[in-house]
Amino acid sequence: MKKLMMAAAGGTVLGLVATTQFAGPLIAQTANGDANVYEQLDLFGDIFERIRQGYVEDTDDKKLIQAAINGMLTSLDPHSSYLSEDDAADMQVQTRGEFGGLGLEVTQEEGWVKVVSPIDDTPAAAAGMMAGDFITAVDGENVLGLTLDEALELLRGPVGSEVIITVMREGSAEPFDVSIIRDTIKLTAVRARTEGKAAVLRVTTFNAQTFPNLEEGLKEQIEAAGGIENLDGIVLDLRNNPGGLLNQAVYVSDAFLEGGEIVSTRGRAAEDGDRYNATPGDLAGGLPIVVLINGGSASASEIVAGALQDHRRAIVVGTKSFGKGSVQTVVPLQGNGAMRLTTARYYTPSGRSIQNLGISPDIIVEQPLPVPSEETEEDQAASAMRSEADLRGTLSNDSLSEDEIKQIEEDRARAEEAAKLRDDDYQLAYAIDILKGLHALGPQVNVDVTVSDATAAGN
């Protein structure tokens, strides 16, 4: 197994990466012959033996050491963990894009399990789980005081089985239960479609299929439009994308940049740092880009948003991202297991670390919660504004040809379709409106400037 650089949100995709650890070799490395390390290991051995001999019930040596390893790694940060042989194999499945589970990316905050984001078209998303939800109980069992691994064990189960999750959500006075049926999760990394004259690229995760899917999807939309000149621009939708492979974030950023730094990583030692630069070539041919983010956009998503924002290649719209600015390296260990260890922080081209801060949008646009309307279609029609054309005996417009009138009617129809989209997805509709405005202003609008320009402008 090769080293794998992960830029994923700080939790675990439920049903994918098992986090049960088993005993591994304890290796003590001392600095400057520090004897305290050996003293602490002696203390550990003493406690281990006393538990084995004196605990009220028989103990499992393997589970005891497993718990010790788990405690050591989880004490570092929420993203470091030990992967057993099965867990390491599941990690490889994650990068290929198919696994069993609920479809939630989670982390732990103040003892509670927090949802980073639900994954599109999964049982969790269908059940209405939202980024920022706190899971307080699973099948009636309180998760407060459990480690993240212990809480995840409660959430796991056979495909087709039901789990009842108790959720606390901002804006809700009381916790409520959500029923989810576990299923096989098949991730489509990128879904491409055209809304109006905007190509929308919905990136749900950063796995091995992300860049190939994005490249092919954009090509299909350009061909369907009859050429790139018939598009206003591109919406890169990274909302609720929890991250994934670092190299895929680099590839996606590079797809729209002609050059310059994409991201840099800095470890504890200077030689542990790395820098990733863009290569010539822009899949969008210079078209304007709007990047959509929200609180569920994490890590690899933030790398892409930050790179395109710093280079002024895209306008970032939505709400502040999750703020996970660390990189995990999956290191193979003996016995086919692996260790996922936080080894570096990453920085955007202008030198920003977004750890705990997130990417701030250029334009903040909240996604309004749907409000049921009691107004009927008849009421809406009755309340519609009347126009000159509705008046009896109004003068006709004889200054336009039939073709010109047809064009006006087509433009109006497109505008009405865009207005309908606002009811379904206000943030996306806002992004498409921005592209329309940039296209209307013509080629004099230049959103592709250097990082130094962006920095000078105060970004």
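Mentor: I47 has a relative accessibility of 43%, so it counts as partly exposed. The cut-offs are under 20% for buried and over 50% for exposed, so 43% falls in between. Keep in mind that this is a predicted model. I47 sits in helix α1, which covers residues 35-54. It also belongs to a nonpolar surface patch, together with L43, I51, Y55 and V56. The patch has an area of about 490 Å².

Now take F48, also in helix α1. Its relative accessibility is 15%, so F48 counts as buried. What does F48 touch, not counting residues up to four places away in sequence? The answer is D61, L64 and I65. Take L64 from that set: F48 and L64 are 16 residues apart in sequence, with 7.8 Å between their C-alpha atoms.

The helix has a charged pair too. Side chains of opposite charge can pair when their charged atoms come close. Here R52 and E49 form a salt bridge, 3.0 Å from N to O. Both residues lie in helix α1, 3 residues apart, or about one turn of the helix. R52 is partly exposed at 39%, and E49 is partly exposed at 31%.

The salt bridges in the protein number 14, and some of them span separate parts of the chain. R202 pairs with D120, the closest N and O atoms being 2.7 Å apart. R202 is in strand β13 and D120 in the loop between β6 and α4, so this pair ties together parts 82 residues apart in sequence. R202 is buried, at 9% relative accessible area. R313 pairs with D282, with 2.9 Å between the closest N and O atoms. R313 is in the loop between α8 and β19, and D282 is in the loop between β17 (274-277) and β18, so parts 31 residues apart in sequence are tied together. R313 is buried at 1%, and D282 is buried at 17%. Shared partners also build a network of salt bridges, made of D120, R202, D237, R239 and D425.

D121 lies in the loop between β6 (112-118) and α4 (123-126). Most residues other than glycine have a negative phi. D121 is not a glycine, yet its phi is positive, about 55°. At 61%, D121 counts as exposed. N356 shows a positive phi as well, about 65°, and is not a glycine. It lies in the loop between β21 (338-347) and β22 (363-364). N356 is exposed at 63%.

An open sheet of 6 strands runs in the order β12-β13-β14-β18-β19-β22, with mixed pairing. β12 (190-195) and β22 are the edges; each has a single partner strand, so one side of each has no neighbour in the sheet. β18 and β19 pair in the parallel sense, over 5 bridges. Within that stretch, I293 stands opposite G318 in β19.

The largest nonpolar core holds 40 residues, and L214, L236, F256 and V291 have the most contacts inside it. Elements giving two or more residues to this core include β13 (198-203), α6 (210-224), β14 (233-237), β18 (289-293), α8 (300-310) and β19 (314-318). α8 gives the largest share, 6 residues. A second, separate core has 19 residues, including L104, V106, V113 and L148.

In helix α6, T210 is buried, with a relative accessible area of 0%. With neighbours within four places set aside, T210 contacts A189, V190, V203, T205, Q248 and V252.

Last, the whole protein. It has 12 helices and 22 strands. Of its 459 residues, 42% are buried. Among contacts with a separation of 6 or more, 71% join residues 24 or more positions apart. The accessible surface comes to about 23,800 Å², and 50% of it belongs to carbon and sulfur atoms.

Note on methods:
Residues numbered from 1 in each chain as written. Predicted model: local features only at pLDDT ≥ 70, side-chain atom pairs only at ≥ 80, totals over all residues. Heavy atoms only, no water. Core = buried A, V, L, I, M, F, W, Y, C linked by side-chain atoms within 4.5 Å. Buried < 20%, exposed > 50% of the residue type's maximum accessible area, 1.4 Å probe, protein only. Helix = DSSP H or I, 4+ residues; strand = E, 2+ residues; numbered from the N terminus. Contact = heavy atoms within 4.5 Å. Patch = residues over 30% accessible without salt bridge, like charges linked within 9 Å, V, L, I, M, F, W, Y side chains within 5 Å. Areas by Shrake-Rupley, 256 points an atom, 1.4 Å probe, with all protein chains shown as cover. Salt bridge = Lys/Arg side-chain N within 4 Å of Asp/Glu carboxyl O. Pairing = 2+ DSSP bridges.
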